[in-house]
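Subject: Structure for your review

Dear colleague,

I am handing over the structure we spoke about, and below it I have set out what was found in it. Please read the notes with the structure open beside them.

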Amino acid sequence: MIRLFNWSAPPCVTVSQNLTRNPTRFYSRPSFIISKEETLKLRHNKVFPTKMVMKTNGFVDGILPDELKKVLRLVGSEWGDVVDDMESLQVIPLKGAMTNEVFQINWPTKCGNLDRKLLVRIYGEGVEAFFNRDDEIRTFECMSKHGQGPRLLGRFADGRVEEFIHARTLSAADLRDHEISALVAAKMREFHNLEMPGPRTVLLWNRMRDWLVEAKSMCSAKCVKEFRLDSLEDEISMLEKELSHDYLDIGFCHNDLQYGNIMLDEETRSITLIDYEYASFNPVAYDLANHFCEMVANYHSETPHILDYNKYPGLEERRRFVDTYLSSAGKQPSEDEAVLLLHEVERYTLASHLFWGLWGIISGYVNKIDFDYMEYARQRFRQYWLRKKRLLGSSDNHVNGYVAYGTGSG
């Protein structure tokens, strides 16, 4: 299967090879050249460990897959200013993916030392357990039509080719920068208000039920007992009943707004949200809750699976984010409106913990990336059980609409 999508040819402007910003989702590694004279052995290369190799479809041996070559030739014919020799492409593996493998490709032009750039995404194994790839591609195309995210340039059986965004991926620390956080809040509001096809039906609860079935089918009896999976159907139903209210705003949510899925153009200060695998209609309170929960993670640390809940945003930080989110549409929110949303966001952190806890269990069985998914799942479930009573308990646990606990929660 090879497809080249309709897209507008980029303007005849190339990007300097000395561009210093990292305009990709992940931190890049040293580049390598595909050539006849040189055979690369990445399995023995310290900058790209064997355990990180999941499904490279030829990249490991320094050979572009034939299907991908065909797509790239079609893209190159549209550009017109790039060299015809496919073996002159510079390929840079980008580190940090938790489900896919991502490569930056620099394509020499005919006019000197300038390059075109594009991004190749190789799909990971086992993702069909989480989402439908065709649905994700449709979302990707719709986003492109709305002027959101990169353009889809082409598809092949095991991946796709995307426009290369000249912006930098945020770091964990960036999420705590007041200016950047305000930009993210405003972008989230814009994202949630997009007119997307399909019914505005909340997907969260049924998706968790499907994942629970999948997790139980994979787990041993010991694993089922450890994670209390036999009780989770009741927990999901309880949460759905407790958290579903007619007054909640339903929008098109990203559902995975960790720092690696947010890009910042340093010159224009514009934010781009990328990677829509889990995007769907959901309560916007859930999307904000999930974003707050992601502030405890640093996926580029020595222990990327460890979550530090002392870094969960405190009341003042959460309130500032919610105020910016609500006011970004041009109308100043009332005190009651802001307090209510902040209260619902905190309650929806429980759904986030269950969601990603189940994701961690399944990933531990289907994904070969060097990441301790099971320990990650343990931490998410631990937070669920720790915070459940406090967040869903009596009104004595709330002060002026806020959940009354410190910054170490989530």
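Of the 410 residues of the protein, 56% count as buried; please bear in mind throughout that this is a predicted model. The protein holds ten helices and 16 strands, and its accessible surface comes to about 18,000 Å², with 49% of that area belonging to carbon and sulfur atoms. Among the contacts with a separation of 6 or more, 74% are made by residues 24 or more positions apart.

The part I looked at in some detail is an open sheet of three strands, in which the order is β10-β12-β13 and the pairing is antiparallel. Because β10 (168–169) and β13 (270–273) stand at the edges and have a single partner strand each, one side of each is left without a neighbour in the sheet. On one side of β12 (residues 262–265), the pairing with β10 is antiparallel and rests on two bridges: the bridge partner of arginine 168 is leucine 264 in β12, while threonine 169 stands opposite methionine 263 of that strand. Between β12 and β13, which also run antiparallel, there are four bridges, and here methionine 263 stands opposite threonine 272 in β13.

Which way do the residues of β12 point, and are they buried or exposed? Ile262 and Leu264 point one way from the strand, whereas Met263 and Asp265 point the other way, and all of them are buried. The hairpin formed by β12 and β13 has four residues between the strands, and in this hairpin arginine 269 takes a positive phi near 60°. Helix α3 (residues 178–192) lies across β10, β12 and β13, and it runs at about 55° to β13.

With a relative accessible area of 0%, asparagine 261 is buried, and a polar atom of its side chain lies 2.7 Å from the backbone oxygen of aspartate 256.

On the cysteines, in case you plan to look at them, the structure holds zero disulfides. By way of background, a disulfide is a covalent bond between the sulfur atoms of two cysteines. Cysteine 253 has a relative accessible area of 0% and is therefore buried, and cysteine 223, at 7% relative accessibility, also counts as buried, since the cut-off for that class is under 20%.

Elsewhere in the chain, I also looked at arginine 73, whose place is in helix α1 (residues 66–79). Why does arginine 73 count as partly exposed? Its relative accessibility is 47%, and the partly exposed class covers what falls between the buried limit of 20% and the exposed limit of 50%. Leaving aside residues up to four places away in sequence, arginine 73 touches Met86 and Trp107. Arginine 73 and methionine 86 are 13 residues apart in sequence, and their C-alpha atoms are 8.0 Å apart in space.

Terms used:
Residues numbered from 1 in each chain as written. Predicted model: local features only at pLDDT ≥ 70, side-chain atom pairs only at ≥ 80, totals over all residues. Heavy atoms only, no water. Pairing = 2+ DSSP bridges. Contact = heavy atoms within 4.5 Å. Axes fitted to C-alpha atoms, helices over the stretch in contact; angles between N-to-C directions. Buried < 20%, exposed > 50% of the residue type's maximum accessible area, 1.4 Å probe, protein only. Disulfide = S-S within 2.5 Å. Polar contact = N/O pair within 3.5 Å; in protein donor to acceptor, adjacent residues only side chain to side chain. Areas by Shrake-Rupley, 256 points an atom, 1.4 Å probe, with all protein chains shown as cover.
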